[in-house]
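Biologist: I would like a close look at one part of this model. Please take me through its aromatic rings.

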Amino acid sequence: MMNRLGWRLGIIVVVAVVSIFYVIPPEDRIHLGLDLQGGIHLVLEVQAEKAVDAKLDRYFSEIRNRLETDDIRVREIRREGRKIHVSLHRPEDQKRLEVVFQNYPDLGLETVTGTPPVSIYGFSDQQMERIKEQSVSQALETIRNRIDQFGVREPTLQRQGQRRIIVQLPGVKDPARAKALIGKTALLEFKMVVESANPAEVAQSGVPPGQMLLHEIVRNRETGQIVRRVPYLVHREAALTGDSLTDARVEIGDRFNESYVSVTFDSVGAKAFDRLTAANVGKRLAIVLDGVIHSAPVIQERIPGGRAQITGRFTLEEAQDLAIALRAGALPAPVKVLEERNVGPSLGSDSIRQGVLSILVGFSLVLLFMIIYYKLSGLVAVFALVLNLLILLGALGLFEASLTLPGIAGIVLTVGMSVDANVLIFERIREELRIGKTIRTAIDAGYGKAFWTILDSNVTTLIAALVLLQFGTGPIKGFAVTLSIGIVASMFTAIFVTRFIYDFTLTRRDIRSLSI
């Protein structure tokens with residue numbers, strides 16, 4: 001008997017110690033949700049249509065270069081809507097053209113007309129839907145990477161419907177900065193500047209085909225206000241993009257202590273950057289991020305090694321956010337903020353205070369009732385209840401789950417269910433004592449008869465809680481987390497722990513009457 005009590009005591013002690021370990025210190029172990037800690041709630045919409053256009057732009061540029069490389073002479077290659085029109089000089093090149101397009105299985109041949117032939121390629125409806133679907137999934141992953149690197153604990157990212165993403169960032173003190181980081185497309189391009197034309201005159205007369213006007217924005221370092229826009233005429237086609245970046249980090253300049261972002265290319269990108277700088281020494285290279293020129297330095301010499309710098313009068317925070325966005329990768333399509341809500345810390349403090357008060361009031365009333373009605377056995381139930389709360393909080397710390405306001409409601413409900421199990425057991429024991437059974441027999445019978453009732457009740461509730469956990473969102477999930485953990489803890493404390501206390505007491509003392 002003592003051996004059995006020994007390992008049961010060991011289990012209880014281990015569970016209690018582990019729970020205490022994951023509860024202390026509470027401010028580090030228990031993560032508060034958005035409703036308790038304050039923060040930002042965003043509903044984003046991915047502009048998935050633009051992902052289709054961006055992909056077609058990239059294909060168009062690659063195909064045009066490939067035709068030049070393979071010496072397939074074309075009368076005209078143009079993009080019209082979401083179609084690519086290719087007009088050949090020589091009909092015999094038609095087969096070679098089809099071989100080139102075999103590398104782009106997304107693009108299907110729609111029609112071939114005329115002599116020499118004009119081929120029209122485009123995305124099918126299914127392909128466009130697939131690209132849109134992929135853009136939302138990729139945007140979700142990219143935003144998740146950015147937030148992880150931003151250092152937000154317990155963020156919530158969830159897809160809603162076909163195009164929307166819900167983002168909840170507890171504890172964020174600077175919503176504007178977080179929103180800017182999340183919404184930044186981070187499309188990095190290197191474009192050669194056209195220096196043979198005056199940008200101001202071009203703006204009046206019209207931009208030549210294949211070129212575009214972009215601006216370098218100069219801000220006041222102290223106020224952040226835009227003080228000047230410097231126009232540049234650049235080639236529309238990027239000489240190099242950020243697709244081949246392997247790293248981006250913030251560094252501080254030696255001369256003026258200015259923050260800049262140092263980027264590193266992979267082997268393919270490094271060779272391309274080497275060739276680009278070697279062929280354009282003495283010319284300006286515009287570094288463009290999301291359509292805005294950050295700097296347009298003159299290439300002084302060939303730059304081997306695959307490293308470049310993005311300068312642009314950044315503050316340290318701006319440089320850090322840019323480096324995060326570049327490391328996490330560009331969004332496949334821009335995102336639009338549909339809804340923004342800031343949850344103030346004061347509201348969170350009020351919620352915490354009221355939630356803790358509700359737990360204390362409920363706990364105190366239950367404690368008084370159990371002690372008055374069941375005497376010393378009521379104290380056993382109270383001990384089990386305290387251990388139940390300790391295990392629940394320890395599990396929240398162990399699984400790094402967030403405590404939310406609905407989660408507090410789940411804890412209050414758990415308190416009631418835990419006591420209910422003990423009430424069932426105690427009433428069965430009382431019935432056995434009334435018919436004249438001994439204390440040990442009455443306890444055995446009481447636990448035996450109440451066990452299946454408690455099991456049925458808790459298992460059905462646990463199943464419902466797990467369903468809410470799987471399919472619920474936001475507050476519902478917070479409620480399901482604490483309720484699920486609480487039910488398991490309740491089963492352990494109400495049946496296993498209280499039974500151990502009775503067995504241990506009966507083996508150590510000669511008890512003639514049970515205080516119940």
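Which residues form one aromatic cluster?

Modeller: Keep in mind that this model is predicted. One aromatic cluster is formed by Phe369, Tyr373, Tyr374, Phe426, Tyr447 and Tyr502.

Start with phenylalanine 369 and tyrosine 373. Both belong to helix H11, which covers residues 345-398. They are four residues apart there, so about one helical turn separates them. A pair of aromatic rings is described by the distance of the centres and the angle of the planes. For phenylalanine 369 and tyrosine 373, the centres are 5.4 Å apart and the planes stand at 10 degrees. Planes under 30 degrees apart count as stacked, so this pair is stacked.

Now the exposure of these two rings. Phenylalanine 369 has a relative accessible area of 43%, so it is partly exposed. Tyrosine 373 is partly exposed too, at 38% relative accessibility.

Tyrosine 373 also has a charged neighbour. Arginine 430 lies over the face of its ring, 4.7 Å from the ring centre. Elsewhere, the charged end of arginine 8 sits over the ring of phenylalanine 496, at 5.9 Å from the centre.

Step back to the whole structure: a search finds 16 aromatic pairs. One of them joins phenylalanine 21 and tyrosine 22, with ring centres 5.0 Å apart. Their planes are at 90 degrees, so the pair is edge-to-face. Phenylalanine 21 is partly exposed, with a relative accessible area of 49%. Tyrosine 22 is partly exposed as well, at 23%.

Note on methods:
Residues numbered from 1 in each chain as written. Predicted model: local features only at pLDDT ≥ 70, side-chain atom pairs only at ≥ 80, totals over all residues. Heavy atoms only, no water. Phe/Tyr/Trp six-rings, centres within 6.5 Å; stacked < 30°, edge-to-face > 60°. Buried < 20%, exposed > 50% of the residue type's maximum accessible area, 1.4 Å probe, protein only. Helix = DSSP H or I, 4+ residues; strand = E, 2+ residues; numbered from the N terminus. Lys NZ or Arg CZ within 6 Å of the ring centre and 35° of its normal.
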